[in-house]
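Subject: Structure handover and findings

Hello,

Please find the structure below, followed by notes on what was found in it.

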Amino acid sequence: MAKSYDANNVFARILRGEIPCKKVHETEHALAFHDIEPQTPTHVLVIPKGAYIDMDDFTAKASEAEIAGLFRAVGEVARMVGADGPGYRILSNCGEAAHQEVPHLHIHLFAGRDLGRMIGKA
């Protein structure tokens, strides 16, 4: 089933300036901002500026420049918030089974404490 992008999702509205965010970093292809419900002491979201639903949509349709720009922004943000030394985790939920809540690709950057195992055992 083909998915369609919802131009009124919260991240699209943030990109249009309709909803404020606590910006960490912005580039031509990406915007990074603090999560409003942080799960760790440092919890930043990095999103592409293009209209992509999830990682599947992004990797299928984004340009090489957009792909490189998003992932470079993730690394830049990690260094900016001081997470590159002690360590950090990035996570992007893709689809219903992964509990993706906002239908705009977003990468969570978690840091600021020991993050434990990747995923608990089943």
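Buried here means under 20% relative accessible area, exposed means over 50%, and partly exposed is what falls in between, with a 1.4 Å probe and protein chains only. Helices (H or I, at least four residues) and strands (E, at least two) are DSSP runs, numbered from the N terminus.

This is a predicted model, in which local features need pLDDT of at least 70 and side-chain atom pairs count only at pLDDT 80 or more, while totals for chains, interfaces and linings use all residues. Residues are numbered from 1 along each chain as its sequence is written, and side-chain values use heavy atoms, with hydrogens and water left out.

Strand β5

β5 is covered on both faces: I107, L109 and A111 are buried on one side, and H108 and F110 are buried on the other. Because five of its five residues are buried, β5 is largely enclosed by the rest of the structure. Strands count as paired if DSSP finds at least two bridges between them. By that rule β3 pairs with β5 in the antiparallel sense, over five bridges, and L45 stands opposite H108 in β5. Strand β4 (residues 89–91) also pairs with β5 in the antiparallel sense, over three bridges. In β5, F110 has R89 opposite.

Cores

A nonpolar core is a set of buried Ala, Val, Leu, Ile, Met, Phe, Trp, Tyr and Cys residues joined through side-chain atoms within 4.5 Å. The largest one has 18 residues, and those with the most contacts inside it are A32, V44, V46, F58, L70, V77 and L109. At least two residues of this core come from each of β2 (30–34), β3 (42–48), α3 (64–80) and β5 (107–111). α3 supplies the largest share, five residues. Apart from this core lies another, of seven residues, including F11, L31, I47 and V102.

What does V77 touch, leaving out residues up to four places away in sequence? With contact taken as heavy atoms within 4.5 Å, V77 touches V24, H25, A32, V44, V46 and L109.

Aromatic pairs

Rings of Phe, Tyr and Trp (its six-membered ring) pair if their centres lie within 6.5 Å; planes under 30 degrees apart count as stacked, over 60 as edge-to-face and the rest as tilted. Two aromatic pairs turn up in a search of the whole structure. F11 and F33 have ring centres 5.7 Å apart and planes at 65 degrees, so this pair is edge-to-face. Because F11 lies in helix α1 (residues 10–15) and F33 in strand β2, the pair ties together parts that are 22 residues apart in sequence. F11 is buried at a relative accessible area of 6%, and F33 is buried at 3%. Y52 and F58 form an edge-to-face pair, with 5.1 Å centre to centre and 80 degrees between the planes. Both Y52 and F58 are buried.

D57

D57 sits in helix α2 (residues 55–61). Is D57 buried or exposed? Its relative accessibility is 8%, so D57 counts as buried. Leaving aside neighbours within four places in sequence, D57 is in contact with A51, Y52 and A62.

Cysteines

With a disulfide taken as a pair of cysteine sulfur atoms within 2.5 Å, the structure holds zero disulfides. C21 counts as partly exposed, at 30% relative accessibility, and C94 is partly exposed with a relative accessible area of 36%.

Regards
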